[in-house]
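Good morning, and thank you for making time on the agenda.

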Amino acid sequence: MYRFNSDYLEGAHPNILDRLVKTNYEQTPGYGLDPICDSAKEKIRAACGAPNAKVYFLVGGTQTNYAVLDSILRRYEGVLAAETGHVAVHEAGAIEYSGHKVLTVPGKDGKVDAERARAYLEGFYADGSWQHMVRPGAVYISHPSEYGTLYSKEELAALRALCDEYGMRLFLDGARLGYALASEGSDLTLTDIASLCDVFYIGGTKVGALFGEAVVFTNPELGDAFFTEIKQHGALLAKGRMLGIQFDELFTDNLYVRIADHAVKIAMRIKRELTAKGYQFYNDSYTNQQFLILSKEKLDSLEGKVALDDWGPYGDGMRLVRITTSWATGEQAVDTLLSLL
């Protein structure tokens, strides 16, 4: 059975596996304090155009969001996110467990819109008892969003300006960042993201790595003690070079974007051919996530043949279904999916 229900179902790109085998018997210092991690950090800084950025490696997305937000928020602050944002919905209250509230605003195509965020902030500070409330200290966004939509450079710049006006930090969740960078619908580069965000991360788990996320602090006032904070959150990997090796390979010869480009092109083929067959899509995504509206009968008929991600009811007898491709999705899998549909 072919699976299209996520983008972290395969192992890792062969270059990473080869490098792990070749370096298996090497002895290096632990906790990411090794020459391989140093090399990976330098490659990431170069790709971001941020030579002074602080770079750290963590294992997974939830621990990254949890550790970063707990690091950049003051004790009395919460984080502003779209109501569909990952930290608001799919992280089991990890942010709240750290003592920080997730403050939600209605999303616009799954994104935080600067004007809606401004309305929230204006309303918050217009309340005479705002000092009794959880103060917004940061804005959380993901690029791509949970619905595969992309921020434009103009939209990100507007959020940056809003954060500057209200003394807030801007944090970008890049769990699927490679697929955004490879998308024909995006005008945001890695350099743009580094210049506009206080902190962001480059996702590896969903883009060719066995596991791992690279956190990049570009705000010089942040990140100095993050190594210790990673340890405090139980997120420091002793064999840190396992992370460094993966990002050192992903950022060699533009591998990160090249393999993401494969997933995006395959997703665009699925979108193009199903549109021609008369299928309806929920939105206009240009990334590896495509949201299809299917009848329950049609979805049930696929059981045991291909696995899609059922996002729930959508109107009378219809279901909202996510189709996700990855860096490793093969043409035969796509042929089978299209044939069944």
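Let me begin with a term: a nonpolar core is a set of buried Ala, Val, Leu, Ile, Met, Phe, Trp, Tyr and Cys residues joined through side-chain atoms within 4.5 Å. Please keep in mind that this is a predicted model. The largest such core here has 61 residues, and those with the most contacts inside it are Ile 44, Phe 200 and Ile 202. Helix α12, residues 255-276, gives the most to this core, with eight residues. Ile 202 touches, among others, Ile 44, Cys 48, Val 216, Phe 247 and Tyr 256. Apart from this core lies another, of 24 residues, among them Val 68, Leu 69, Leu 222 and Ile 230.

I turn now to the sheet. Seven strands form an open sheet with mixed pairing, in the order β2-β8-β7-β6-β5-β3-β4. The edges are held by β2 (54-58) and β4 (102-105); each has a single partner strand, so one side of each is left without a neighbour in the sheet. From one strand to the next, the twist averages 25 degrees. Within the sheet, β6 (residues 169-173) and β7 (residues 199-203) pair in the parallel sense over two bridges, and Phe 171 has Val 199 in β7 as its bridge partner.

Two helices on this sheet deserve mention. Helix α11, residues 241-250, packs on the sheet and touches β2, β7 and β8; its direction makes about 115 degrees with that of β2. Helix α6, residues 114-126, lies across β3, β4 and β5, running at about 170 degrees to β5.

Finally, the charged pairs. The structure holds 21 salt bridges. Which parts of the chain does the pair of Lys 43 and Asp 248 tie together? Lys 43 lies in helix α2 and Asp 248 in helix α11, so the pair ties together parts that are 205 residues apart in sequence. The N to O distance in this salt bridge is 3.2 Å. Lys 43 counts as partly exposed at 26% relative accessibility, whereas Asp 248 counts as buried at 4%. Both belong to a network of salt bridges that also links Arg 19 and Glu 249.

A further salt bridge joins Glu 331 and Arg 269, at 2.7 Å from N to O. Glu 331 lies in helix α14 and Arg 269 in helix α12, so parts that are 62 residues apart in sequence are tied together. Thank you; I welcome your questions.

Technical notes
Residues numbered from 1 in each chain as written. Predicted model: local features only at pLDDT ≥ 70, side-chain atom pairs only at ≥ 80, totals over all residues. Heavy atoms only, no water. Pairing = 2+ DSSP bridges. Helix = DSSP H or I, 4+ residues; strand = E, 2+ residues; numbered from the N terminus. Axes fitted to C-alpha atoms, helices over the stretch in contact; angles between N-to-C directions. Contact = heavy atoms within 4.5 Å. Buried < 20%, exposed > 50% of the residue type's maximum accessible area, 1.4 Å probe, protein only. Salt bridge = Lys/Arg side-chain N within 4 Å of Asp/Glu carboxyl O. Lists of a residue's contacts leave out its neighbours within four places in sequence.
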